[in-house]
Amino acid sequence: MRLRFSLARLVASTSLVAVVAMGLGGCTGMSKLSDVTGGIGGPRAEAAPTDPVRAVEVYGERYRANPKDADAALAYGQALRANGQRAQAAAVLEQATIANPGNRALLAQYGRALADNGNFQQAYDVLSKAHSPDNPDWRLLSVQGTALDQMGRHEEARSYYASALKIAPGDPGVLSNLGLSYMLSKDLPKAEEALRQAYASPRAGIRVRQNLGLVVGLQGRFAEAETIVKADLPPDQAAANVAYLKEMLSRSDAPRGASNRTPVASLSQPD
């Protein structure tokens, strides 16, 4: 396989969250919904649905019953994001922040939804209101970094990752975003160094593995990249990872203007 690439052709998108993982410091899974919905419906409330479509139905009904309820809006917004309904999630959370001014949890989720939807400058601005310099949230710092990277402000983005790593040393999601920041500015050796640190963490997820494989593959070492994305995985997952790797590497050769997404480890949650 010939590995010719132009990083400039990797077009900006979400899911710096998005294809590889959707930065609270990637993508909010349904397992996270209980973090913000425990009080909804009282102590006898049903367990959080694990199916994204069902979650949208359940939390949508609760939200429509009282659109100004912050907890209901948070749960519904997260469910919509997990189901890929990004524009609707941003709209719901925007209205919730208007109804609940100063609610930092809503601002944080709204900022992530904006990032999911590709509104990077607005996401950065909203997230700046969701925490403060005297009490920073490392997860939000990482998301802000990915937004800056998507706007081409790589050096500034790395200062955010550095701040996040001071609070959460060795976090694989932040390190993965740092590595992909270097990838976007075509410094592949530094990208690989950061991603190998992320990959060494016992908390590293599949997106970190895929990101490392991608950066290694972009340097022309496809056999090594394939070994990385397949290692210690069941055959079906290994095959899926190899297919993903080939797809992303082929996108680097796609004609200018083709529909691509920049693979970044998270605009909403770290991997």
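Biologist: How should I read the confidence of the model, and what is the average pLDDT of the protein chain?

Modeller: This is a predicted model, and pLDDT is the predictor's confidence in each residue, from 0 to 100. Where pLDDT is low, the predicted coordinates should not be read in detail. Here the protein chain averages a pLDDT of 80, and 75% of the residues score at least 70. Over residues 1-45, however, the pLDDT is below 50, although this stretch has 174 contacts in the model beyond near neighbours in sequence. Residues 255-271 also have a pLDDT below 50, with 110 contacts beyond near neighbours in sequence.

Biologist: Which residues touch the most other members of the largest nonpolar core?

Modeller: In soluble globular proteins, nonpolar side chains tend to be buried together. In this structure the largest nonpolar core has 39 residues, of which Leu178, Met183, Leu214 and Leu245 touch the most other members. The elements giving two or more residues to this core are α6, α7, α8, α9, α10, α11, α12 and α13. Helix α9 supplies the largest share, seven residues. There is also a second, separate core of 30 residues, which includes Tyr76, Ala96, Ala108 and Leu140.

Biologist: How many salt bridges does the structure hold, and where do Glu155 and Arg158 lie?

Modeller: A salt bridge is read from the atoms that meet and from the places of the two residues in the chain. The structure holds nine salt bridges. In one of them, the side chains of Glu155 and Arg158 meet at 3.2 Å, N to O. Both residues lie in helix α8, three residues apart, about one turn of the helix. Glu155 counts as exposed because its relative accessibility of 62% is over 50%, whereas Arg158, at 11%, counts as buried.

Biologist: Which residues are linked with Arg221 in a network of salt bridges?

Modeller: The network links Glu192, Arg196, Arg221 and Glu224. Arg221 forms a salt bridge with Glu192, the closest N and O atoms being 2.9 Å apart. That pair links distant parts of the chain, as Arg221 is in the loop between α11 and α12 and Glu192 is in helix α10, 29 residues apart. Arg221 also forms a salt bridge with Glu224, with the closest N and O atoms 2.8 Å apart. Glu192 is buried, with a relative accessible area of 11%, while Arg221 is partly exposed at 28%.

Biologist: Finally, where is Lys186 placed?

Modeller: Lys186 is in the loop between α9 and α10. Its phi is near 70°, a positive value in a residue other than glycine. Asp232, in the loop between α12 and α13, has a phi near 60°, also a positive value in a residue other than glycine. Lys186 counts as exposed, at 55% relative accessibility, and Asp232 is exposed, with a relative accessible area of 80%.

Methods. Residues numbered from 1 in each chain as written. Heavy atoms only, no water. Core = buried A, V, L, I, M, F, W, Y, C linked by side-chain atoms within 4.5 Å. Buried < 20%, exposed > 50% of the residue type's maximum accessible area, 1.4 Å probe, protein only. Helix = DSSP H or I, 4+ residues; strand = E, 2+ residues; numbered from the N terminus. Contact = heavy atoms within 4.5 Å. Salt bridge = Lys/Arg side-chain N within 4 Å of Asp/Glu carboxyl O.
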